[in-house]
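Biologist: I am new to this structure. Can you show me how to read its features, one at a time?
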Amino acid sequence: MPEVWGPAVAVVVAIAGWFGYKSSRDTASEADSGEAQLAASPSSESDSGQTAQPQGLQDAPEFEQPESVSSRMTRLRARLASSGALGKALLSVFARGDLKASDWEDIEDTLLSADLGLEATDQIMEALRTEVKVSGNNDSERIREVLRQELLKLVDLNADRELHLEPGEAEDGQKQAAAALVVGVNGVGKTTSVGKLARILVAEGNQVVLGAADTFRAAAADQLQTWGERVGVEVVRSDKEGADPASVAFDAVKHGLETQADVVLVDTAGRLHTKGALMDELGKIRRVMERGTQIKETLLVLDATTGQNGMAQAKVFAEVTNVTGIILTKLDGSAKGGIVVSVQKALGVPVKLVGLGEGADDMAPFDPESFVDSIIA
Ligand SMILES: Nc1nc2c(ncn2[C@@H]2O[C@H](COP(=O)(O)OP(=O)(O)OP(=O)(O)O)[C@@H](O)[C@H]2O)c(=O)[nH]1
Ligand SMILES: [Mg+2]
């Protein structure tokens, strides 16, 4: 058995049940079959004739132990609370007493500057005005409760936020790795998110393969490979700068199937040339991946600090490809938590994960209630 799997199996139980699904991995028997498959490492070639190679088995890396769920959640919640403070800002306006038109404008500005978007801001303004009119006072607890209820409605408690990455079964009874494609504008945190997500999946007991389909810069594949080594998973990449990204994505899926992996995560480049070119590139990546398995999630990564500008660009991705979930990064230190509401409204897709820092464990499933409580704290 390659050394790489020893420590990976040791950390398996750390975050069990994180996304609410069970891993199909039977550690003992699959570790054995994994050995046989990996020994016969593929010389994988896709339709374009380029070859991408799995990397990361040779130098047995030092594994970091993933942080426990409870410690991670406590730490990340505190980070969100310190960035939000929407409640505090609003209550300080309400504390002025009799509200004049200019005070209501301040309330509106505060909501807009949290990136809630116009529609949601109007809805909250309406609810707050009604509350003040009906109750005749500005009791801070009542105001906070109205705000909380409105935000909960807007964030949508019923959306399906689970990651559906259970492997399937091929016709011949072999396990068929689930594939996920990670897309988004450049610099938003795609590669980092792929690394963090791989770490969570490994900790849950999944065998994961990463595909470096960002072939624009060689450094992009190096960055993903560093994550792979850190997390203890193989990375399929091409050493040729400018190689066909679809070819690498194809090889990653192929390698995932050959090694009986559970999940194949494919990182992509974020350059937004033209809408047509983006559509062609992502379309081709999808088509070749789907020759091997199903793409069960297409995760759009969005940087919370870029606000409404970033969202306009993200919309283009949602228009050209079938996005199933959003990873909202850089929520740490951003006062723009309201973007959760506006992005879901604009794209019609739920936020599934949030990034709250650059560290390997700084990612958490998005939990609407604790999120709302944090930003109005
Ligand atoms: N504070 C903070 N920084 C983050 C988070 N996620 C990613 N970053 C940082 O954002 C920067 C860009 O991250 P990448 O993962 O390289 O972004 P990318 O989308 O892959 O970028 P390209 O490949 O160039 O398109 C890095 O410095 C990351 O450490 C987050 O949740 N919080
Ligand atoms: Mg990247």
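Modeller: Start with burial. A residue is buried under 20% relative accessible area, exposed over 50%, and partly exposed in between. At 25% relative accessibility, R144 is therefore partly exposed. Keep in mind that this is a predicted model.

Biologist: Which salt bridge does R144 form?
Modeller: A salt bridge pairs a side-chain nitrogen of Lys or Arg with a carboxyl oxygen of Asp or Glu, within 4 Å. R144 meets E141 in this way, at 3.9 Å from N to O. The two are 3 residues apart in helix α7, so about one helical turn separates them.

Biologist: Which residue does R142 pair with?
Modeller: R142 forms a salt bridge with E131, and their closest N and O atoms are 3.0 Å apart. This pair links distant parts of the chain: E131 sits in helix α6 (residues 118-135) and R142 in helix α7 (residues 140-155), 11 residues apart.

Biologist: Is E131 buried or exposed?
Modeller: E131 has a relative accessible area of 10%, so E131 is buried.

Biologist: Where do the partners K352 and E297 lie in the chain?
Modeller: K352 is in strand β10 (residues 351-355), and E297 is in strand β8 (residues 295-303). They are 55 residues apart, so the pair links distant parts of the chain. Their closest N and O atoms are 3.0 Å apart in a salt bridge. K352 has 3% relative accessibility, so K352 counts as buried. E297 is buried too, at 1%.

Biologist: Which residues are joined into one network by salt bridges that share partners?
Modeller: R96, K100, D103 and D106 are joined that way. Take D103 as an example. D103 lies in helix α5 (residues 101-113). Its relative accessible area is 4%, so D103 is buried. Set aside its neighbours within four places in sequence, and D103 is in contact with V93, R96 and D98.

Biologist: How many salt bridges does a search of the whole structure find?
Modeller: The search finds 18.

Biologist: Now the ligand. How many residues surround ligand 1?
Modeller: To read a ligand site, list the surrounding residues, then look at their classes and contacts. Here 19 residues surround ligand 1, and the closest are K190, T191, T192, D332 and E358. By class, the shell has 2 nonpolar, 10 polar and 7 charged residues. Helix α8 (residues 190-203) supplies the largest share of the shell, 4 residues.

Biologist: Which protein atoms lie by the oxygen atoms of ligand 1?
Modeller: Look at side chain and backbone in turn. A polar side-chain atom of Q223 is 3.0 Å from a ligand 1 oxygen. From the backbone, an N or O atom of K330 lies 2.9 Å from an oxygen of ligand 1. A polar backbone atom of G355 is 3.3 Å from a ligand 1 oxygen.

Biologist: How much of ligand 1 does the protein bury?
Modeller: Ligand 1 taken alone exposes 650 Å², and the protein buries 79% of that.

Biologist: Let us step back to the whole protein. How many helices and strands are there?
Modeller: The secondary structure comes to 14 helices and 11 strands. Buried residues make up 56% of the 377 residues. The accessible surface is about 15200 Å², and 48% of it belongs to carbon and sulfur atoms.

Biologist: What share of the contacts comes from residues 24 or more positions apart?
Modeller: Among contacts with a separation of 6 or more, such residues account for 79%.

Key:
Residues numbered from 1 in each chain as written. Chains lettered and ligands numbered in written order. Predicted model: local features only at pLDDT ≥ 70, side-chain atom pairs only at ≥ 80, totals over all residues. Heavy atoms only, no water. Near = heavy atom within 4 Å. Polar contact = N/O pair within 3.5 Å; in protein donor to acceptor, adjacent residues only side chain to side chain. Areas by Shrake-Rupley, 256 points an atom, 1.4 Å probe, with all protein chains shown as cover. Nonpolar A, V, L, I, M, F, W, Y, C, P; charged D, E, K, R; others polar. Buried < 20%, exposed > 50% of the residue type's maximum accessible area, 1.4 Å probe, protein only. Contact = heavy atoms within 4.5 Å.
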